[in-house]
Amino acid sequence: MGRNNRKRRSSLANRAIAASAALALGGGGLIWANFYASAHETNSSQNNSTKAAAAQIATISCPDVSQQLTSVPSGAKSGVDTELATLDKQITEAYSRLASTRQAQAGDANFVQNAILGPLKDKRTAVIQRIQIDFKRVGATAPSSLPNLATCTGAAANNTTTAGNGNGNGNNNNGNGNNGNGNNGQGQASASPSASASASAPANVGGQGGNGPVAADFVDITKVAANVQAKPQNTGNASKGSFTTICGTGNAKLRNSDNVIVAPGVDNGAHHTHDYVGNQDNNAFTSDQQFEAAGTSCQEQEDKSTYYWPVVRVQDGSQEIDQNDLGGGAEGNVGRIVQASQAQIKFVGSPASKVVAMPTALRIITGDAKAFVNGTANANAHWSCTGFENKVQLTDQYPICPQGSKVVRTFAFQSCWDGKNADSANHRTHVAFADPASGVCGNGFVAIPQLTMRLVYNVPAPTIQNGQVKNAYAVDGFPEELHKPITDHDDFINFMSTNLMNKVVGCINKGKNCT
């Protein structure tokens, strides 16, 4: 399968959207670099405090409607998915307008509310009403809280990520089977981004694209105290084995900005670019039947599962092939894409029980692509460096690795399943994390093989000079998330054959390490 551009690039409408977005953002892959300059210019007719206050609004924070929809009737699902994708598109477009109107904001303290947030609320209200209609058409009632989710706010960059209390939430941010859990604890923690921050200094969003990352998003890993916690003790019924599937590190021809789990049937549903391994036919329009019929990059040909994650880019001034595309430079994802040099995919067992087989087409998302504005409830980011993985895991900062050490992203997926559903309306409630202290699955959930992933990158070490980061690297994301490290996430859909899944379960339950 070639580069997945058949619908996006062939559509005149989508090309027009991309062109207008690029125009609004200045054109090309280096388009966002000077957005904040106009807010800092001297203008004798404007009050300096007004300009500083306007500059403080670095991004847009909107309630995540999808996470409130824990149950959607099957007859309404297609329409609701489309409307949720529309909400993401609206936020992206509003952020584009926010970033391209700094001069107007500097001259009018009410510009953001009147010209951006107010119209955005109206658009979101219309979408939420259509979601309610989708429910009503099938004889159901949408959650009563939905209308309250239409209002978005201007948010400050704060020079830090949404690190909460520095400890994660204990439920979804509990580390991985290989490297334990742990959070930075050394970075500056803050609450979710807020426009109430002091207006004494202009917003600092940094980065080659003008939408992050900033210097505070990086830390010298050699200066971070050890924070990896011990794993739960194995019980007598523990499943101690593992199964490793070797699927390669990615293929540039398969990259796209779709997300078939969250936005099926929607071009550019992710608004950022993914790398894929395993199944060779993953795009927004791929059906389960097409997944089962497709080829795979895995050595074990019965593993047609799809494993995908947002790409990492080095912001060294390079302009990538997608510099003018939606999901790429037209939405603030700029710089040179770096493919992982290693990609380990391993399924491990439970310290508390045997595991059961995953159902075919089981979908799991770990982490939250919107964790900067959503908060850390579903965050599950882990960054480290080779040689430090068993000592330090970072959630809210990118590591600056010493010479000879490489950047590592690790993921540990939810390891408990409700025993019934291959997916859920918000793509989360059908799976859960085990108790971090005991490893026990709660609420009637059962243990399944836990997918763990370790991605290694050979990227040049960023440098920080005069409070600015140079040669930064960052994970792709929604533009309003400012490329914060806490937004890292990973996706998986199981399409192992029944025979192979039984082999995986057998190896794990018998304590064998298989490939």
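Reader: Is Leu-482 buried or exposed?

Author: Leu-482 is buried, because its relative accessible area is 2% and buried means under 20%. Bear in mind that this is a predicted model. Leu-482 sits in the loop between strand S20 (473-475) and S21.

Reader: What is the phi of Leu-482?

Author: Start with the general idea. Most residues other than glycine have a negative phi. Now the case here. Leu-482 is not a glycine, yet its phi is positive, at about 60°. Ala-361 has a positive phi too, of about 75°, and is not a glycine either. Look for Ala-361 in the loop between S9 and strand S10 (363-367). With a relative accessible area of 8%, Ala-361 is buried.

Reader: Which residues does a cis peptide bond join?

Author: Again, the general idea comes before the case. Most peptide bonds are trans. The bond between Gly-212 and Pro-213 is cis, with omega about 5°. Pro-213 belongs to the loop between S2 and strand S3 (218-220).

Reader: Now the whole chain. How many helices and strands does the protein chain have?

Author: The chain has 9 helices and 22 strands. Of its 515 residues, 56% are buried. Look also at contacts between residues with a separation of 6 or more: 79% of them join residues 24 or more positions apart.

Reader: Take helix H6. Why should H6 span 39 Å?

Author: Count the residues. H6 runs through residues 111-137, which makes 27 residues; at 1.5 Å a residue, they should span 39 Å. The end C-alpha atoms of H6 are 39 Å apart, so the model agrees.

Reader: Where does H6 bend?

Author: At Leu-117, by about 30°. A proline, Pro-119, follows within four residues. Just after H6 comes Gly-139, with a positive phi of about 80°.

Reader: Next, helix H9. Which residues are buried in H9?

Author: Leu-500, Met-501, Val-504, Val-505, Cys-507 and Ile-508 are buried. Look down the axis of H9: these buried residues fall within an arc of 165°, so they line one face of the helix. The face turned away from that buried side carries exposed Thr-498 and Asn-499. Strands supply cover for the buried residues, including S4 (242-245), S9 (342-348) and S22 (513-514).

Reader: How far apart are the end C-alpha atoms of H9?

Author: They are 16 Å apart. H9 has 12 residues, 498-509, which should span 16 Å at 1.5 Å a residue, so this agrees. Gly-511 follows H9, with a positive phi near 80°.

Reader: On to the rings. How many aromatic pairs does a search of the whole structure find?

Author: The search finds 10. Read a pair by its distance and its angle. Phe-291 and Phe-495 are stacked, at 5.1 Å centre to centre with 25° between the planes. This pair links distant parts of the chain, 204 residues apart: Phe-291 is in helix H7 (residues 288-293), and Phe-495 is in the loop between strand S21 (489-493) and H9. Phe-291 is buried, at 0% relative accessible area, and Phe-495 counts as buried at 5%.

Phe-413 and Phe-492 make an edge-to-face pair, 6.4 Å centre to centre and 75° between the planes. This pair too links distant parts: Phe-413 lies in the loop between strand S13 (407-412) and strand S14 (416-417), Phe-492 in strand S21, 79 residues apart. Both Phe-413 and Phe-492 are buried.

Reader: Which residues do ring pairs link into a cluster?

Author: Phe-218, Trp-383, Tyr-398 and Tyr-473.

Reader: Where does the charged end of Lys-391 sit?

Author: Over the ring of Phe-388, 5.9 Å from its centre. Lys-370 lies over the face of Phe-478, at 5.2 Å from the ring centre.

Reader: One last residue. What does Cys-385 touch?

Author: Leave out residues up to four places away in sequence. Cys-385 then touches Ile-221, Pro-399, Ile-400, Cys-401, Ser-405, Lys-406 and Val-408. Cys-385 lies in strand S11 (residues 383-385) and is buried, with a relative accessible area of 0%. Its C-alpha atom is separated by 8.5 Å from that of Val-456, 71 residues apart along the chain.

How values were computed. Residues are numbered from 1 along each chain as its sequence is written. This is a predicted model: local features need pLDDT of at least 70, side-chain atom pairs count only at pLDDT 80 or more; totals for chains, interfaces and linings use all residues. Side-chain values use heavy atoms; hydrogens and water are left out. Helices (H or I, at least four residues) and strands (E, at least two) are DSSP runs, numbered from the N terminus. The expected span of a helix is 1.5 Å times one less than its number of residues. The bend at a residue is the angle between axes fitted to the seven residues ending there and the seven starting there. Buried means under 20% relative accessible area, exposed over 50%, partly exposed in between (1.4 Å probe, protein chains only). The arc is that of the directions from the helix axis to the C-beta atoms. Contact means heavy atoms within 4.5 Å. Rings of Phe, Tyr and Trp (its six-membered ring) pair if their centres lie within 6.5 Å; planes under 30 degrees apart count as stacked, over 60 as edge-to-face and the rest as tilted. A charge sits over a ring if NZ of Lys or CZ of Arg is within 6 Å of the ring centre and within 35 degrees of the ring normal.
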